[in-house]
Amino acid sequence: MNIRPLLFLAGRYLKSRRKYRGVGAPLLSLVGLAVGVLTLNAVLAVMNGFQLTFIESLMELSSSHLRWTPGDGKPDAAMQSLMLKQPGVRAVVPTTEGQALVSTPLGGRQGVVLRGFSPDTLKQDEGLAKHLGLASQAVGVPGFPAPGQVLLGAELARTLGVVPGDNVHLTALTGPSFSLLRPQTLDLVVKGTFSTGYYEIDVGWVIANLDDSRASFSGPNDFFYAIKLSDGNADRATADTLARVTGRDRQEFTTWRDYNTAFFGALRTEKAVMMVLVGLIFFVVGVNIYFSQKRAVVEHREDLALWAAVGVVPRRLRAVFALEGFAVGVGAALLGTALGLLASWSFGSLNLLSSEAFYLPALPARVLVPEVVLIALACIFSSTAAAWLASAGVTQNPVAEVLKSE
Amino acid sequence: MKAFLAWRLGLRAFWSPNGRSSSRFLLSSSLAMALGLVPLIVVLSIADGMIDGISSRTIETSLYHVQLWSVAASNPDRVEAGRQLTDTLRAIPGFRSVWPEQQGFALAYGVGNGRLGLSVRGIDPLWPQKDAGAARYLKAKSGTLSMAGPNDVWLGSAAAAKLGVKPGDELKLLTTRSRGSLQVPRVTTVRVAALVSVGYQELDRLWLFAPLELTQTLFDPRENPIFWGVKGDFPLEKTPEFLSAVRTALGFSWQAVSWQTTGRSQFLNYQATRALLAVIMALVLLVAAVNVSTAMVTTVGERRRETAILKALGASDRLIRGQFLVLGLGAGVAGSVIGLAAGMLVALGINGLVTLVDSLVGLFTAGGSFHLLDAAFYLESIPVKFDPVVLVAASLGSVLMAVVASWWPARRAASERPLEVLRRS
Amino acid sequence: MSESTVLEFHGVHKGFGGGQEPIVLFSGLDWSLEAGRSVAVVGESGTGKTTLLHMAATLERPDAGEVLVDGRATAHLDERALSVLRTSSLGLVFQFHFLLKEFSAVENVALPAWLAGVSRKAAWDRARELVSLVGLENRLQHFPHQLSGGERQRIALARALVNDPDLILADEPTGNLDVRHARAVQDLLLDLVHRQGKSLLLVTHDLDFARRTDQVLRLWDGRLAPE
């Protein structure tokens, strides 16, 4: 089935449109489809940007990919190095997570999430350090706190009116059981601040020294090892492997999926809804192409009858009309994708959002290649399918009728 | 006279048997515009409904319409202050009531090792019953909404889940007060009397309501001053007038701020998001207008002979143009009406649709249940608000787009030379 | 059946128009055309000459009976098979030239061959050869609107020959032309048919033209009889 003569026919028909019928219809359809492709790409890039950067930060800072909680709440260096040796494991960091009240001598007071890290964490987990803005060794970058020191989130420091060198108090209840809870207060020096770009963390977190935290603030369940993987999606498999290799109960390992299911579900839904809504564009333009091509089939009635008369199978001629739809789809996909990518890349550098409404300085945009391809394919498919459906009229014209009518 | 003729010609062009295939094309383009209008209407109605729902809840149960902070004494006698304020503000149109509140932070510890930082709100226990607005949204999910004992508290239901407590359980609250340069911690045991919710977890996630008498012992009024929340019944757009009337009535002894200031960044966020969504949906409508344009080009092409004859008989360019513009207008109006009706229907039925999707997808997912809109992030049910201004603007915009899309083909039709067309055929 | 027949009608029935008064054109027509012969069919309008030609061209199916082309029965063939048959065995020339206005003379001739599966080079070579054969070698790149009526009909003739069919079917090929051009096209057609040993079934009103073929048949009342 030689496609080249069909391409020749389709190309000539497309070219001759300009002279006889005006290039309006296919051009308008192309522009319409391109707008759809452009919009979808740009919108998804921004949604991805928000979601992925948030997820990454969530992974690095908060839930990590895996957690191992020792049953007795005590550090286990042997376990730590054993887990670190496993393939796919990037970092294993001992840490605590709890809640405390931070207050200043001037009366500022706030409930905070208290994380405990040792100064080694800088080397052990570069991802975490980077997301906290602590990775570089430049002057003014504090590094993780030593005993007696804390780091405050940048927004928290601002709200409390605290600068590095000031003192703050951390207060929490500790004790072996509910009835034996007693308050514990530590007086600590602010070594510096950290900034993640996420308001909730920058206003709600305090990072203390691991030993301080374990000694004064942590209950038995607050101490765990935060495990980072090279591939976040391998969490469950790696958890199984680690349980097996270390001989521990699988229940002691929890994955990020266990924590955040509702959140990720919400993100997925929003993206799907957006794709459906904007994808309507493809349907609408497809309808346009359908009717345009039906028109073209009617106009080429004589030609088609002639081809049938000289022995060309009508089905092959359908391909000629479908090809025009295909060409429009491909053109629109290329144009729309190029513009969409351009828009996505420019979002990062333009300050489009006022900082009153949004905390972020610039729109994050992430382009996911599978989505770009999917959008382009949907575009090409809708226009080609519409043209193919419209070309059904080709087989419906009785040849002899047409020839006789001349 | 001539304009009327354009209408008649235009409408006849649509119905005449000669133009049958282009009539189908035009009809389909009209439906395409309707299809493009539906997402715009649905998205805007839902966005408006959500913003409205969130705003009302936030104002009625959290921000109040206006907050009053005393400039004079930091701890005026509560009962006296309340009476004075009520007397002073009563005359303001729209005034409903005024309520005291004291806010602070506490760490709550539950029996099962649950721990959570909470926003403690010291209130008049009668507030949720006496204030119609609060009563509307603040509901007890379990337990009774009363503070019978001095240490009875109400806890947000999400917080209760995290702490693992239910009505009747005890909580230990950790607070601190300054004493000189010292921070003095204080532990208070309270009893959970009720679990409450306002139907929007983002709002009530970390709430703990306690009697004002209790919070006054937990928090130093100099560090956590008592303020007064004013409630009114007036359209939210009229807030600046209300605020101004309150300020005038109270003079300089009170500082008054409205919810528009206290909730500023949050509401800006919503408005900006809504605007973005509207722009994107309008794009779909714009592309649908392309359909009208293409259909019109086809119609003009099909009626070339008729147009040439009309011109040869003396019809003016304006008349020819008008004929096609009428067609475009008709397509736009039809699409607008259908799109508006369909959009409103979909918006009204959106809760049912979501439930349907939930149950259908739930058949295929492992857990057997699926929630398209998890209550943790959205309002518990989707409210829909039809703002007439918005609906009319969207419909008119759609009609306008159809007319604009028909403009160039109509001009082309008018500018063709009749003799050339007749000679060619 | 003789090996050397290119076209056979067996018991062919054909009518049209249902309802009150259906018109019957043929009832039980039996006739064949031998290879290498040219036959002209004459008759008054409405007797069904064109329908006869269309059935020979497999563009219309008989209501009953069999039409064989090159010894092959056509009644049970599907569209695809019919297309193949038409491409290989038949060349059609109509009263109206039916050239494609978007394509040049040589392209109009080459395309049917190319679409039939011949290589592009071979199709174009053959097209050039045939266009020269009909005397229009200096008009290869001209488009139909740049050719006169007679020239267009000659190109149509060249196109009918491009796949080297055994049988040429011509329906009033010169009906639209003036006397001078008509004569030229008639000469060309008969010359090509004889030179290349093809069979010809010609439908025409023009008796002089008809008499230049091997046999003239008159179609009357659904029957073919020698004139």
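## Chain A against chain C

In this predicted model, 20 residues of chain A are in contact with 25 residues of chain C. Three helices of chain A each supply at least two residues of the side that touches chain C: helix 1 (4-20), helix 11 (301-309) and helix 14 (399-405). Helix 1 of chain A gives the most, with five residues.

By class, the side of chain A that touches chain C holds 11 nonpolar residues.

## Chain B against chain A

Here 47 residues of chain B are in contact with 51 residues of chain A. Both helices and strands of chain B give two or more residues to the side that touches chain A. The helices are helix 2 (20-63) and helix 11 (264-302). The strands are strand 2 (95-110), strand 3 (115-123), strand 6 (170-179) and strand 7 (182-197). The largest share comes from helix 11 of chain B, with 18 residues.

The side of chain B that touches chain A divides into 27 nonpolar, 16 polar and four charged residues.

## How the three chains connect

Two pairs of chains touch, and the most contacts are between chains A and B. Chain B and chain C do not touch. Their nearest C-alpha atoms are 13 Å apart.

## Inside chain A

Chain A has 406 residues, and 46% of them count as buried. Its secondary structure consists of 14 helices and nine strands. Take the contacts in chain A with a separation of 6 or more: 79% of them join residues 24 or more positions apart.

One residue gives a local example. A:Y199 lies in helix 7 (residues 199-204) of chain A. Is A:Y199 buried or partly exposed? A:Y199 has 14 C-beta neighbours inside 10 Å, so this residue counts as partly exposed. A:Y199 and A:E155 are 44 residues apart along the chain, yet their C-alpha atoms are separated by 7.4 Å.

## The six-stranded sheet of chain C

Chain C contains an open sheet of six strands in the order 6-7-8-3-9-10. The pairing is mixed. Strand 6 (90-93) and strand 10 (223-226) stand at the edges. Each has a single partner strand, so one side of each is left without a neighbour in the sheet. Neighbouring strands are turned by 20° against each other on average, direction ignored.

Within this sheet, strand 3 (residues 38-42) and strand 8 (residues 199-203) of chain C run parallel, joined by four bridges. One bridge partner in strand 8 is C:L200, which goes with C:S38. Helix 1 (residues 49-56) of chain C packs on the sheet. This helix touches strand 3, strand 7 (167-171), strand 8 and strand 9 (215-220) of chain C. The direction of helix 1 makes about 150° with that of strand 8.

## Antiparallel strands of chain C

Strand 1 (residues 5-16) and strand 4 (residues 64-69) of chain C run antiparallel and are joined by five bridges. C:H10 stands opposite C:E66 in strand 4.

Strand 4 of chain C also pairs with strand 5 (residues 72-73) of chain C. This pairing is antiparallel too, over two bridges. C:V69 has C:R72 in strand 5 as its bridge partner. Strands 4 and 5 of chain C form a hairpin with two residues between the strands. In that hairpin, C:D70 takes a positive phi near 55°.

## A helix pair in chain C

How do helix 4 and helix 5 of chain C cross? The axes of helix 4 (residues 120-133) and helix 5 (residues 149-161) of chain C come within 9 Å and cross at roughly 135°. The roughly antiparallel class takes angles over 145 degrees. Helix 4 and helix 5 of chain C are therefore oblique to each other. Their crossing is right-handed.

On the helix 4 side, C:L130, C:V131 and C:L133 make the contact. On the helix 5 side, they meet C:I155, C:A158 and C:L161. By class, the contact of helix 4 with helix 5 of chain C has six nonpolar residues, no polar and no charged ones.

Notes:
Residues are numbered from 1 along each chain as its sequence is written. Chains are lettered from A and ligands numbered from 1 in the order in which they are written. This is a predicted model: local features need pLDDT of at least 70, side-chain atom pairs count only at pLDDT 80 or more; totals for chains, interfaces and linings use all residues. Two residues are in contact if their C-beta atoms, placed from the backbone, lie within 7 Å. Ala, Val, Leu, Ile, Met, Phe, Trp, Tyr, Cys and Pro count as nonpolar, Asp, Glu, Lys and Arg as charged, and the others, Gly among them, as polar. A residue is buried if 20 or more other C-beta atoms lie within 10 Å of its own, exposed if 12 or fewer, and partly exposed in between; C-beta atoms are placed from the backbone. Two strands pair if DSSP finds at least two bridges between them. Axes are lines fitted to C-alpha atoms, for helices over the stretch in contact, and angles run from 0 to 180 degrees between N-to-C directions. Angles under 35 degrees count as roughly parallel, over 145 as roughly antiparallel, 65 to 115 as roughly perpendicular and the rest as oblique. A crossing is left-handed if the near helix is turned anticlockwise from the far one by less than a right angle, and right-handed if clockwise.
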